[in-house]
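Q: Could we go through this structure together? I would like to begin with the chains and then turn to the helices.

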Amino acid sequence: MQSPFRLIAILLVLSAGVTVFALQDPPAQPPQQQSEIQLEITGQAGAPPRYAVPDFAALSGDAETTEAAKTIGQVLWDDLAFEREFYMIPRNLYASIPQARTEADVPWDQWRELGADGLVLGTVRKDGAGLRIEVRLINVRSRQVVFAREYSGSAGNPRAYAHTIADEIHQHQRALRGVARTKLTFASDRDREKILTTVEDRDVKEIYISDYDGANQRRITVNRTLSITPTWAPDGRSIAYTSYVRGFPTIFISYIYEGRREEPAGRGTQNWLPAWSPDGTKIAFTSNRDGNPELYVMNRDGSGLRRLTNHPAIDTTPTWSPTGTQIAFTSDRAGGPAIYIIGADGLNLRRISPGSNCDRPTWSPAPFNEIAFVCRTGPGYDVMIYDFASGDVRQITFGEGSNESPSYAPNGRHLAFTSTRAGRVQVFTVGRDGRNVRQITHVGNNYTPDWSR
Amino acid sequence: MIPTGAARRATLVLLVLMAVTAGACAKKEPPVARPAPPPPPGSADATRPPSPPEPVPEPEGVPPVPVTEDDIGSRSLDDINRDSPLRPVFFALDQHEIDAEGQRVLQHNAEVLRRYPTWQITIEGHCDERGTAEYNLALGERRALAARNYLVSLGISADRIRTVSYGKEFPFDPGHNEEAWAKNRRAHFVVTAK
């Protein structure tokens with residue numbers, strides 16, 4: 001029973017709450033489950049199940065453990081609410097229900113009265129220098145434990161435990177790949193540093209990463225110039241971005257946990273907007289190396305360069321299909337910039353956006369088969385989604401500020417994008433149905449988000 | 001289906017030749033650069049600078065009687081760029097063609113570059129905030145290239161000119177109105193060596 005938990009614990013310690021999203025869900029069933037137990041908690045009469053996540057119980061009296069217990073409960077509630085698979089009962093409605101440490105203490109009548117179908121019961125205990133966390137998901141009607149896990153590891157980032165629990169509950173109850181352990185990357189001018197080599201007053205932009213919910217925002221470049229359009233490598237170990245360190249745009253790959261970087265696209269040529277192939281072996285990008293902005297593909301080490309487009313108009317902003325066989329991009333070959341698709345072999349070009357003045361296509365992962373992009377709808381831009389099955393385009397933002405740079409979450413259910421709706425340029429996330437908008441950044445201006453795989 | 005590299009180079013050479021008389025653009029439409037291209041439809045009309053709104057730091061100078069060499073040639077690069085004799089070229093919304101006013105500015109800049117034959121320059125292409133961040137990186141490059149091609153057509157050596165696009169990253173005027181946008185759609189000239 002201990003072995004899967006120990007593996008998780010080791011990974012948690014190794015990653016120190018930073019690379020937790022790379023961790024795969026162990027397929028193990030909770031050992032104490034019997035086959036006759038109904039593992040999936042259902043709601044009443046077709047309604048989504050109603051979940052309650054009270055604060056975890058702190059079994060050690062120190063401040064750190066108490067704080068971690070509060071944090072894990074709140075973050076877990078937020079994570080579960082994010083996917084909208086369950087009706088999450090507002091936490092203030094059960095603040096007065098006495099806290100239980102074991103199933104035996106649970107005031108079942110009060111939870112039934114509240115209409116809870118699923119109850120998450122958790123404990124946090126100090127364990128050496130770290131924490132030990134136990135969590136159970138209980139069917140309130142049958143009082144059966146349908147899911148139980150135990151974790152131990154660093155006390156440095158309690159949120160990481162909540163994210164892991166949320167992803168495992170989504171997997172266990174809904175066979176859904178949650179995104180609670182995924183990350184965002186974006187460019188920001190929040191440091192208000194100035195570029196030193198120019199006469200004009202120009203702000204530095206650096207690359208940042210954060211958790212999917214905006215927590216733990218961290219700067220990862222110190223280039224003191226423009227660093228923009230970051231994109232996660234599919235393995236989450238590195239970020240490719242456009243840097244002006246050389247005085248013109250060029251592509252760097254930054255291995256963020258190793259402190260080294262590569263410049264694969266070759267010295268002396270201008271290259272920008274890198275896009276990883278889904279298997280991480282290739283990068284598509286824009287370059288003017290032949291005198292005009294065109295699309296190219298190279299291996300991640302810079303070898304095997306191939307030119308993908310050849311047209312006197314602008315071709316830019318590539319994104320790969322989930323199978324790596326097609327690339328969507330922006331071209332103004334028919335007038336204003338519009339969205340096109342081309343085979344990764346350079347054949348079978350076709351246009352998919354109806355209007356002009358569109359940009360930043362981003363191809364959804366499976367199971368959805370769609371491409372998000374933005375089009376000018378008035379003074380600004382709005383996010384549109386092209387559906388391959390129907391050929392229809394639907395709009396998911398509606399003129400609240402200017403909305404740009406969509407990027408899909410790895411499960412295809414959400415997008416990150418930027419909007420001026422809160423004043424400056426900030427990163428937001430939104431469901432693919434246009435609902436559940438959350439603001440991720442609040443400081444400075446923040447641009448071109450990308451969601452880790 | 002698509003021209004080969006050699007054919008493409010030939011096309012470029014042809015374009016440059018045409019630019020000598022006309023001022024070229026590298027778009028796929030026939031490169032008619034003379035009368036300023038008709039403004040794009042809709043709201044764009046108002047924004048196209050008929051005579052580009054005089055850029056704010058327009059140096060009073062470089063009048064017909066040129067500033068003496070000691071005056072400019074002896075300054076530091078920073079001083080030259082702070083009060084540059086090279087004037088910016090402005091563009092219409094979503095456009096990268098050099099209009100008649102842009103051609104006059106570039107003829108002036110070519111004169112300056114002939115007067116200081118050791119100067120190396122970088123032409124920065126900039127865009128207003130109404131394009132997207134991503135597309136503007138390419139549009140700014142097209143603007144810088146258009147300005148460079150015109151200078152080359154006037155006899156300035158291509159070796160002296162680099163281009164770089166900053167898209168909409170560095171607006172000259174941080175405002176959110178027509179006046180600011182018109183100033184931000186520009187090719188900006190920076191002296192990098194002298």
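Q: How many residues of chain B are in contact with chain A?
A: In this predicted model, 22 residues of chain B are in contact with 32 residues of chain A.

Q: Which helices of chain B supply residues to that side?
A: Helix H4 (77-82) and helix H6 (133-153) of chain B each supply at least two residues of the side that touches chain A. H6(B) gives the most, with eight residues.

Q: Turning to chain A, is helix H4 (residues 158-174) mostly covered or exposed?
A: H4(A) is mostly covered, with 14 of its 17 residues buried.

Q: What span should it have, and how far apart are its ends?
A: At 1.5 Å a residue, the 17 residues of H4(A) should span 24 Å, and this agrees with its end C-alpha atoms, which are 24 Å apart.

Q: What follows H4(A)?
A: A:Ala175 follows, and its phi is positive, near 50°.

Q: How do H2 (residues 63-83) of chain A and H4(A) cross?
A: Their axes come within 8 Å and cross at roughly 40°. The crossing of H2(A) past H4(A) is right-handed.

Q: Which residues meet there?
A: From H2(A) they include A:Ala68, A:Ile72, A:Val75 and A:Asp79. Among those of H4(A) are A:Tyr161, A:Ala162, A:Ile165 and A:Ile169. The residues of this contact divide into 11 nonpolar, three polar and three charged.

Terms used
Residues numbered from 1 in each chain as written. Chains lettered and ligands numbered in written order. Predicted model: local features only at pLDDT ≥ 70, side-chain atom pairs only at ≥ 80, totals over all residues. Contact = placed C-beta atoms within 7 Å. Helix = DSSP H or I, 4+ residues; strand = E, 2+ residues; numbered from the N terminus. Expected span 1.5 Å × (residues − 1). Buried ≥ 20, exposed ≤ 12 C-beta atoms within 10 Å, placed from the backbone. Axes fitted to C-alpha atoms, helices over the stretch in contact; angles between N-to-C directions. Left-handed = near helix turned anticlockwise from the far one by under 90°. Nonpolar A, V, L, I, M, F, W, Y, C, P; charged D, E, K, R; others polar.
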